[in-house]
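Please consult the sequence and the structure shown below while reading.

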Amino acid sequence: VLTLDIARWDLECEFNNTDHRTELNGVERLIVRRGQSFTINLHLRSGVYQPGGSALDLTVETGPQPSDQYGTQASFGLTDQIDTSRWSAAITSPPGNMVSLSICSPPDAPIGRWRLTLGQGGRVDFVLLYNPWCTGDVVYMDSEEKLREYILAQDGIIYRGGWKYPIPTPWNYGQFEDGILNACLRILDMNPKCLRNPGKDASGRRNPIYVSRVLSAMVNCNDDKGVLQGRWTDDYDGGVSPLSWKGSVEILRNWDTNACQPVRFGQCWVFAAVACSVSRALGIPCRLVTNYNSAHDTNSNLVIERYVDENGQLVQKSRDMIWNYHCWVENWMTRPDLKPGFDGWQVMDPTPQEKSEGVYCCGPIPLKAIKEGELTDKYDAPFVFAEVNADVHTFMKRKDGSTKKIISSVHVGLKISTKSVGSDRREDITHLYKYPEGSDEEREAFTKANHQNKLLQQQDNAGLLIVIKVSTEMRKGCDFDVFAVITNNTPNEKKCRLVFGSRAVSYNGILGENCGFKDLLNVQLAPGEGQLRVALRMNYSKYAENLTEDNLIRLAALLLDYGTQEAYLAVRNVVLVNPEIKVRILGEPKENRKLAAEITLQNPLPVPLQNCCFTVEGSNLTGGQVVTERLNSTVEPGQDAKVKIYFTPTHSGLRKLVVDFDSNKLCHVKGYRNVIIGK
């Protein structure tokens, strides 16, 4: 048997990468998925290949300390045919001086950078990724349509705003843009577990549970050289507002090119979006999820205690919070480490909130475990369970220091949302996290989770009811009314005090300044379903200076019954709607042909806009760059801000052009346009 004498080889990157669905990363290097064969063409220096008469020894290794035992090294020779369960190689061409060599990795091989040695001389580098198209891979997903969304889609929609008014925000994930895969692999290399024990870490990368947990810690920089630094105040000195980002590409590139210094600043949707980009880049199906009225339970008692003063305004007495919304991601995988039934979507939350095993990370935890109340399963089930199920108790703190429980209905874990597969519609996935309220299954889950408060709760409607009603759409720049509606269901006349106030609020529940206030000391309610409607006028001149970038106002109506001394509280956050950005594509969109977009925004404010600036980006549209266009002129009330932006698409298919408008008075307005690029 003669060893093949190799003169040169061809990695067939274009063919292999396309076959492995990695060609959008480029075809300059070999990027393949595990459990699926790839082909290298060998050109022989002398002799010809003869079946049964030719031999070739191959070695593959990954990481700095490759070993057979850890699965980070393997040596193998030629066999008659490929064995997809282990590293194997077979020749698929007829006898001759050009040989097609087919090589396959096992479906549980560690992902990352690998070195392949061919016989005595040839060394080949390649990148190995998870393979959700391979039935033997633990990230296997059996729907081509879902894989197009959860692996291949380079853009998406993130839901912000409020549960009564979810606002879709476009995001450019850009996981296949130039340099992004390298940045993702570097995130794995910079993680503390790798720095402590690189050999063990390289072996751990076979397991998406391990890698998801690493990513959840490394997307924030709280314990490590992670990607993003969080900031939840209005002071963004030394960085930029989290709302200024339109995608993950700039963030990952900045981190990678600046010696892994954290990028400033992120908030929950930015952390989640970057984690989604990295997961998809590595081959783990991933989607971004928004939980409205998300509880942040710091002491694990499944109760959020809130305190208000005698005007119904929140006073910060505990670290427990309710965020207007909170974003995380779900990664798709089987869970062989848990009992059967917990495969599928797993919550992974990279926003630094609470420590887990001494590190700011959270997950992965199966959605099924949250729904069933199985809180001992790994990892961090109690925290996520509380985010969607915690009970809210509200107390009034009086001036004399005493406290009294007040009647208020606040629900957490509402309208849990993600982008639909293959369309820009919102998909409600609340049912994957919790059973219908009041159902037997819900009670069973609460019993398992020891959620006693919810089990003991009775609907006590003590005869007085207060709710806040608002207009259908409240546009930023307009004056509008909001209403406290009080119903007296008792047989007696009631004398009450009504305090109706409004304050700016950030999405994570931090209160700002007063935007309008009313205190009525003598409210009389007729018996038997007598109803009273009290209006509070919201004037732009009053709220404009106080709003945060989140465009949220918190309304609170506190009703005090003089007769019974009971207090009733209604709270509602309203979202002020930004104007629409209109995008018109000029010309026929084709690959590698220059294209123009005309972008327009009408000034809805009663004041002029200055320093107006449009920025756009889009995967395979703007060459991986952010394109900026500034307006020199002032835009008067009711006038249009209008620019033309030029770009050259590089790949055919459906792409999102993501737009951001910024000015002195109107900040970070988002818009997008879907563009179908022809060949």
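Which backbone nitrogen does the side chain of Asp-137 reach?

## A buried aspartate

In this predicted model, the side chain of Asp-137 comes to 2.8 Å from the backbone nitrogen of Asn-131. Asp-137 itself belongs to the loop that runs between β11 (122–129) and α2 (144–152).

The relative accessible area of Asp-137 is 3%, and because buried means under 20%, this residue counts as buried. Leaving aside residues up to four places away in sequence, Asp-137 touches Arg-34, Pro-107, Tyr-130 and Asn-131.

## Cis peptide bonds

Most peptide bonds are trans. The bond from Gly-363 to Pro-364, however, is cis, with omega near 0°. Pro-364 is located in the loop between β22 (359–360) and β23 (365–366).

Lys-378 and Tyr-379 are also joined by a cis peptide bond, for which omega is about -5°. Tyr-379 sits in the loop between α9 (367–372) and α10 (381–389).

## Positive phi angles

Most residues other than glycine have a negative phi. Lys-415 is not a glycine, yet its phi is positive, at about 45°. This lysine, Lys-415, is part of strand β26 (residues 414–419) and is partly exposed, with a relative accessible area of 25%.

Asn-592, likewise a residue other than glycine, has a positive phi near 55°. Asn-592 is placed in the loop between β35 (581–586) and β36 (595–602). With a relative accessible area of 57%, Asn-592 is exposed.

Definitions and conventions: Residues numbered from 1 in each chain as written. Predicted model: local features only at pLDDT ≥ 70, side-chain atom pairs only at ≥ 80, totals over all residues. Heavy atoms only, no water. Helix = DSSP H or I, 4+ residues; strand = E, 2+ residues; numbered from the N terminus. Buried < 20%, exposed > 50% of the residue type's maximum accessible area, 1.4 Å probe, protein only. Polar contact = N/O pair within 3.5 Å; in protein donor to acceptor, adjacent residues only side chain to side chain. Contact = heavy atoms within 4.5 Å.
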